[in-house]
Structures are given as structure tokens and as C-alpha cells.
Amino acid sequence: MAIKMRVVYYSKNLKTLSEQLSTEADCKADTVPPAYNIEKQKLLVICTKAFKSVPDDLARFLGGLDKTRAANVVFVIDGKPGTAGPLVDKARNAGTNVIADTM
């Protein structure tokens, strides 16, 4: 039985990876902001690059996540270790559970 999940990406460089992940998980891949609302997902995988300052549209998307939209979030971040903090914090502060090994 497949879990209800989605994969979204915020970097064109991670589009291929996102599509591969979604194919393996038999779910949809979409951009941030997604074309369709994210609701009642058990797992949301967010593929993005690291930013010194989180772009406004990505910050709004992360700030809108809560347990009714995405119970659990996993980040796949293209960047140096230790750069995930601002992204993870935005999602956690919105109320979703972030499954992360933040290095």
C-alpha cells in the first residue's frame, strides 16, 4: 500500500531528481509553488538548493505547511552542510514535522 506523498522542487537543477523520486514512489512531482494544492499528504519531499536568504515564494510555501497539508516533510537540499537551517525552521514553525538529519 503506497502512502500519500508528493515531491516538489524549487530548483530547475533538481527537477530530474524530483521526477525520479516521484516515479519510484508512484506520486506526482511539481514545482514550488505547486500547480495543485497540497492537502492531506503523509509525506512531502521538498528538493531545493540552499539559500542565504529564503526567497519570498518559497518562504510563503513553507510557512503555509501544517499537519493538515503535509504531516511530514523531508528536505533534499543541494548545498553545503549546515545550510538547511532556515528552510527547516520555516517548515517546523508552520507546524509540520520535519524529518531531517540537518548537517
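These questions and answers walk through the sheet, helices and cores of a predicted model.

This is a predicted model in which local features need pLDDT of at least 70 and side-chain atom pairs count only at pLDDT 80 or more, while totals for chains, interfaces and linings use all residues. Residues are numbered from 1 along each chain as its sequence is written, and side-chain values use heavy atoms, with hydrogens and water left out.

Q: What makes β1 and β3 paired strands?
A: Strands are DSSP runs of E with at least two residues, helices are runs of H or I with at least four, and both are numbered from the N terminus. Two strands pair if DSSP finds at least two bridges between them. Strand β1 (residues 5-9) and β3 are joined by five bridges in the parallel sense, so they meet that definition. Within this pair, Y9 stands opposite C47 in β3.

Q: Why are β2 and β5 said to stand at the edges?
A: The open sheet has five strands in the order β2-β1-β3-β4-β5, with parallel pairing. β2 (28-31) and β5 (97-98) each have a single partner strand, so one side of each lacks a neighbour in the sheet.

Q: Why is β3 described as largely enclosed?
A: Buried means under 20% relative accessible area, exposed over 50%, and partly exposed in between (1.4 Å probe, protein chains only). Six of the seven residues of β3 (residues 43-49) are buried, so the rest of the structure largely encloses this strand.

Q: What makes the crossover from β3 to β4 right-handed?
A: β3 pairs with strand β4 (residues 72-78) in the parallel sense over six bridges. The chain goes from β3 through helix α2 (residues 56-63) to β4, and this β-α-β crossover is right-handed. The word means that, with the strands pointing away from the viewer, the path from the first strand over the helix to the second runs clockwise.

Q: What makes a group of residues a nonpolar core?
A: Such a core is a set of buried Ala, Val, Leu, Ile, Met, Phe, Trp, Tyr and Cys residues joined through side-chain atoms within 4.5 Å. The largest one here has 21 residues, and those touching the most other members include L44, I46 and F75. Helix α2 gives the largest share of this core, four residues. A second, separate core of eight residues includes V7, C27, L43 and V45.

Q: Which residues does F75 touch?
A: Contact means heavy atoms within 4.5 Å. Leaving out residues up to four places away in sequence, F75 touches I46, L62, L87, V88, A91 and V98.
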